[in-house]
Amino acid sequence: MLKKECFYLGKIVSKFSFKGEVLIKLDTDEPEAYTKMESVFVDYNDNLVPFFIERISLHKSDLLRIKFEDVETEADADDLMRCDIYLPLDQLPELEGEKFYFHEIIGFTAEDVNFGKIGTITGVNDSSYQALFEIDHNGNEILIPVNDDFIKKVDKKNKTILLDTPPGLIEIYL
């Protein structure tokens with residue numbers, strides 16, 4: 001399994017018991033959606049390694065307490081500390097209405113109510129506090145904040161996103 005075929009679910013943040021249990025800090029608003037998993041991929045030494053789950057439960061509402069098969073001791077759990085956890089993209093819960101996952105909108109056409117067609121969304125930069133649409137406009141990169149106030153319509157069928165950006169935002173890139 002390759003990382004590009006997966007989504008980041010969270011990180012192993014601490015040990016829970018001397019019997020190999022760990023706590024995973026999830027990167028989701030709905031942790032309860034992940035309490036029935038049978039396995040996950042652990043990013044171990046830059047390889048996604050499948051780990052099968054013996055027991056799983058919510059811990060303090062936003063952490064998962066997991067007992068992996070073959071992780072029997074505190075030392076085994078120590079070896080997994082700070083490892084990232086991934087799941088295949090096909091296990092992402094379906095989003096309702098106009099909500100979207102960032103990977104879903106790559107290739108969509110971005111349009112602005114005033115500017116018209118901006119270009120093609122080539123990525124979403126979410127490495128800073130404010131996520132940004134990366135849009136290719138005839139070879140120029142335009143960055144627009146992923147902001148609910150700017151997003152007017154998401155048309156998944158026609159692969160378009162209609163934005164209403166502040167005056168001059170797009171033009172500063174041209």
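I began with the charged pairs and counted 10 salt bridges, a salt bridge being a side-chain nitrogen of Lys or Arg within 4 Å of a carboxyl oxygen of Asp or Glu. Side chains of opposite charge can pair when their charged atoms come close.

I noted the ground rules next. This is a predicted model, where local features need pLDDT of at least 70, side-chain atom pairs count only at pLDDT 80 or more, and totals for chains, interfaces and linings use all residues. Residues are numbered from 1 along each chain as its sequence is written, and side-chain values use heavy atoms, with hydrogens and water left out.

**Entry: the barrel**

I traced six strands that close into a barrel, in the order S1-S2-S5-S4-S3-S6, with antiparallel pairing. I took two strands as paired if DSSP finds at least two bridges between them. On average, neighbouring strands of this sheet are turned by 45° against each other, direction ignored. The axes behind that angle are lines fitted to C-alpha atoms, and angles run from 0 to 180 degrees between N-to-C directions.

I looked at one pairing in detail. S1 (residues 6-15) and S2 (residues 22-26) run antiparallel and are joined by five bridges. Which residue in S2 stands opposite Ser14? I found Leu23 there.

**Entry: Lys11 and Asp84**

I looked up the Lys11–Asp84 salt bridge and got 2.8 Å, N to O. Lys11 sits in strand S1 and Asp84 in strand S6 (residues 84-88), so I logged a link between distant parts of the chain, 73 residues apart. For burial I used relative accessible area: buried is under 20%, exposed is over 50%, partly exposed is in between (1.4 Å probe, protein chains only). Lys11 is partly exposed at 25%. Asp84 is buried at 19%.

**Entry: Glu21 and Arg65**

I checked a second salt bridge, Glu21 to Arg65, and its closest N and O atoms are 3.0 Å apart. Glu21 is in the loop between S1 and S2, while Arg65 is in strand S5 (residues 63-68). The two are 44 residues apart, and the pair links distant parts of the chain. Is Glu21 buried or exposed? I have Glu21 as buried, at 7% relative accessibility. Arg65 is partly exposed at 26%.

**Entry: Glu54 and Lys67**

I found Glu54 in a salt bridge with Lys67, closest N and O atoms 3.8 Å apart. Glu54 lies in strand S4 (residues 47-59) and Lys67 in strand S5, so the pair ties together parts 13 residues apart in sequence. Glu54 is partly exposed at 43%. Lys67 is buried at 3%.

I then followed the links. Glu21, Glu54, Arg55, Arg65, Lys67 and Glu72 are linked in a network of salt bridges.

**Entry: Asp27**

I located Asp27 in the loop between S2 and strand S3 (39-44). Asp27 is exposed, at 53% relative accessible area. Which residues does Asp27 contact, neighbours within four places in sequence aside? I listed Tyr8, Leu9 and Gly10, with contact meaning heavy atoms within 4.5 Å. I also took the C-alpha separation of Asp27 and Lys11: 8.2 Å, for residues 16 apart along the chain.

**Entry: Val154**

I placed Val154 in strand S11 (residues 151-155). Val154 is buried at 7% relative accessible area. Leaving aside neighbours within four places in sequence, I found Val154 in contact with Glu98, Phe100, Phe108, Thr160 and Ile161. Val154 and Gly168 are 14 residues apart along the chain, and I got 22 Å between their C-alpha atoms.

How values were computed: Helices (H or I, at least four residues) and strands (E, at least two) are DSSP runs, numbered from the N terminus.
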